[in-house]
Amino acid sequence: MTSKLYPSTFGYIGLFSAAIHVNGEGNDTYAKFLKDTKPQSQLANLFAPKPNLYYIAIGKTDFLYEQNAGLCRYLDDKGYKYEYLETEGGRIWRNISLTIKSISKPRTTAGR
């Protein structure tokens, strides 16, 4: 994710079919994420300048759904503001279209 590597460059950030990424194998990605300070530090740096919009969209049957839920749980626990769109299905064109329409609408405030 380019935005977490350059936190002061982007004010509008959109994650589509997003997930927590950590090194290693296994099922409990969220627990591994909580032990890895690098991505936590990157997210803290990303949210420090208070982005205008941090947008997350995912389909309910997307293969990254559980990892995405872990990311949202972490953001909620830290109080980081974001907008969230959850659609039926997975990675299908209909969902891509809905996501583009949703993220493109005018906003006055961000936050969940």
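## A buried asparagine to start from

Let's begin inside the protein: asparagine 68 is buried, with a relative accessible area of 0%. Please keep in mind that the structure shown is a predicted model. Asparagine 68 has its place in helix α4, which spans residues 65–78.

What does asparagine 68 touch, leaving aside residues up to four places away in sequence? Its contacts are Ala18, Ala19, Ile56, Ile58 and Tyr84. Several of these names will come back below.

## The overall plan

Now for a step back to the whole chain. The protein chain holds five helices and three strands, and from the N terminus on they follow the order α-β-α-α-β-α-β-α. The chain has 112 residues, of which 37% count as buried.

How much of the contact pattern joins residues at least 24 apart? Taking contacts between residues at least 6 apart in sequence, 70% join residues at least 24 apart.

## Three strands side by side

The strands form an open sheet of three, in the order β1-β2-β3 and with parallel pairing. Its edge strands are β1 and β3 (83–87), each of which pairs on one side only. From one strand to the next, the twist averages 10°.

You can follow the pairing strand by strand. β1 is joined to β2 (residues 53–59) by five bridges, and the two run parallel; here glycine 14 stands opposite tyrosine 55 of β2. Five bridges also join β2 to β3, again in parallel. In β3, tyrosine 84 stands opposite isoleucine 56, and both Ile56 and Tyr84 are among the residues that asparagine 68 touches.

α4 has 14 residues and reaches 20 Å from its first C-alpha to its last, close to the 20 Å expected at 1.5 Å a residue. After α4 comes glycine 79, whose phi is positive, near 80°.

In soluble globular proteins, nonpolar side chains tend to be buried together. The largest nonpolar core here has 17 residues, and those touching the most other members are Leu15, Leu43, Tyr54, Ile56, Leu71, Tyr74 and Leu75. Two or more residues of this core come from each of β1, α2 (29–35), α3 (37–47), β2 and α4. The largest share, four residues, is given by α4.

## Helix α5 across the sheet

Helix α5 (residues 93–104) lies across β1, β2 and β3, running at about 160° to β2. With 12 residues, α5 reaches 16 Å from its first C-alpha to its last, close to the 16 Å expected at 1.5 Å a residue.

Which residues of α5 are buried? They are Asn95, Thr99 and Ser102. These residues sit on the same side of α5 because they cover an arc of only 70° around the axis. An α-helix has 3.6 residues a turn, so residues three or four places apart point the same way. The buried residues of α5 pack against β1, β2 and β3, whereas Trp93, Lys101 and Ser104 are exposed on the face turned away from the buried side.

Alanine 19 lies in the loop between β1 and α2. Is alanine 19 buried or exposed? Its relative accessibility is 11%, so alanine 19 counts as buried, the cut-off being under 20%.

Not counting residues up to four places away in sequence, alanine 19 touches Leu64, Gln67 and Asn68. Alanine 19 and isoleucine 58 are 39 residues apart along the chain, and 9.5 Å separates their C-alpha atoms. Asparagine 68 touches both Ala19 and Ile58, which brings us back to the residue where this tour began.

Note on methods: Residues are numbered from 1 along each chain as its sequence is written. Side-chain values use heavy atoms; hydrogens and water are left out. Buried means under 20% relative accessible area, exposed over 50%, partly exposed in between (1.4 Å probe, protein chains only). Contact means heavy atoms within 4.5 Å. Two strands pair if DSSP finds at least two bridges between them. A nonpolar core is a set of buried Ala, Val, Leu, Ile, Met, Phe, Trp, Tyr and Cys residues joined through side-chain atoms within 4.5 Å. Axes are lines fitted to C-alpha atoms, for helices over the stretch in contact, and angles run from 0 to 180 degrees between N-to-C directions. The expected span of a helix is 1.5 Å times one less than its number of residues. The arc is that of the directions from the helix axis to the C-beta atoms.
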